[in-house]
Amino acid sequence: MITALDHIAIAVPDFNAAIERFMTDFGLSFDGTDDVLAAQTKTAFFSLPPTHIELVHPLKGSGPIAKYLEKRGGGIHHLCFRSDNIDADVERLRAKGYEFLSDEPSPGAHGARVIFIHPKSCDGVLIEISQPGDDQA
Ligand code: CO
């Protein structure tokens, strides 16, 4: 079941400048960075209760976020729904015809299991579904 808006993710061309902006200019509480090898992505999280802002940037200059930035520059990249049972949600949505970017959930930031719904299944919006890891539950 989807239980919360876990975060809104923004693709940023300058990772450190964007962290500085959200921390200093907007005064949000910085929760640190996490490299997601499976997605070739660097992430930075900020608490904005009851949700979070995630900044995403290419880990080593390549991968899906690099392509996104090349094509469109910075911008809102995805929304993330928190799930209490990601396997059941994927199965239910697949049965309704939703397409996903991968067959199975993969490791996301902070030990979560994540999967992305193809934007063509949701009016052009990329939606991540995330089940928090045991350390976050
Ligand atoms: Co995300």
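User: What do the buried residues of α2 pack against?
Analyst: They pack against four strands, namely β1 (2-11), β3 (41-48), β4 (51-58) and β5 (75-83), where contact means heavy atoms within 4.5 Å. Helices (H or I, at least four residues) and strands (E, at least two) are DSSP runs, numbered from the N terminus. Please keep in mind that this is a predicted model, in which local features need pLDDT of at least 70 and side-chain atom pairs count only at pLDDT 80 or more, while totals for chains, interfaces and linings use all residues. Residues are numbered from 1 along each chain as its sequence is written, and side-chain values use heavy atoms, with hydrogens and water left out.

User: Which residues of α2 are buried?
Analyst: Within α2, which covers residues 64-72, the buried ones are Ile65, Ala66, Tyr68 and Leu69; buried means under 20% relative accessible area, exposed means over 50%, and partly exposed lies in between, with a 1.4 Å probe and protein chains only. Looking down the axis of α2, these buried residues fall within an arc of 160°, so they line one face of the helix; the arc is taken from the directions that run from the helix axis to the C-beta atoms.

User: And what is on the other side of α2?
Analyst: Lys67, Glu70 and Lys71 are exposed on the other side of α2. The helix is followed by Gly73, which has a positive phi near 75°.

User: OK, the sheet. In what order do the strands run?
Analyst: Eight strands form an open sheet with mixed pairing, in the order β2-β3-β4-β1-β5-β8-β7-β6. The edge strands are β2 (29-36) and β6 (106-107), each of which pairs on one side only; two strands pair if DSSP finds at least two bridges between them.

User: In what sense do β3 and β4 pair, parallel or antiparallel?
Analyst: β3 and β4 pair in the antiparallel sense, over eight bridges, and within that pairing Thr43 stands opposite Val56 in β4. Helix α1 (residues 15-25) packs on the sheet, touching β1, β2, β3 and β4, and its direction makes about 5° with that of β3. By contrast, α2 lies across β1, β3, β4 and β5 and runs at about 85° to β4. For these angles, axes are lines fitted to C-alpha atoms, for helices over the stretch in contact, and the angle runs from 0 to 180 degrees between N-to-C directions.

User: What makes up the largest nonpolar core?
Analyst: It has eleven residues: Ile10, Val12, Phe15, Ala18, Ile19, Phe22, Leu28, Ala44, Phe46, Ile53 and Leu55. A nonpolar core here is a set of buried Ala, Val, Leu, Ile, Met, Phe, Trp, Tyr and Cys residues joined through side-chain atoms within 4.5 Å. At least two residues of this core come from each of α1, β3 and β4, and the largest share, four residues, is supplied by α1.

User: What is Ile19 in contact with?
Analyst: If neighbours within four places in sequence are left aside, Ile19 is in contact with Phe30, Thr33, Ala44, Phe46 and Leu55. There is also a second, separate core of eight residues, among them Ile86, Leu93, Ile127 and Ile129.

User: Switching topic, what kind of peptide bond joins Pro49 and Pro50?
Analyst: That bond is cis, with omega at about 5°, and Pro50 is found in the loop between β3 and β4.

User: Which residues other than glycine have a positive phi?
Analyst: Two I can point to are Gln40, with phi near 50°, and His110, with phi of about 55°. Gln40 sits in the loop between β2 and β3 and counts as partly exposed because its relative accessibility is 36%. His110 belongs to the loop between β6 and β7 (113-117), and its relative accessible area of 28% is why it is partly exposed.

User: Last one, how many helices and strands does the chain have?
Analyst: The chain has three helices and eight strands, and from the N terminus on its elements run β-α-β-β-β-α-β-α-β-β-β. Its radius of gyration is 15 Å, close to the 14 Å that the globule rule gives for 137 residues, so the chain is as compact as a globular protein of that length; the radius is taken over C-alpha atoms, and the rule is 2.2 Å times the number of residues to the power 0.38. Of the 137 residues, 39% count as buried.
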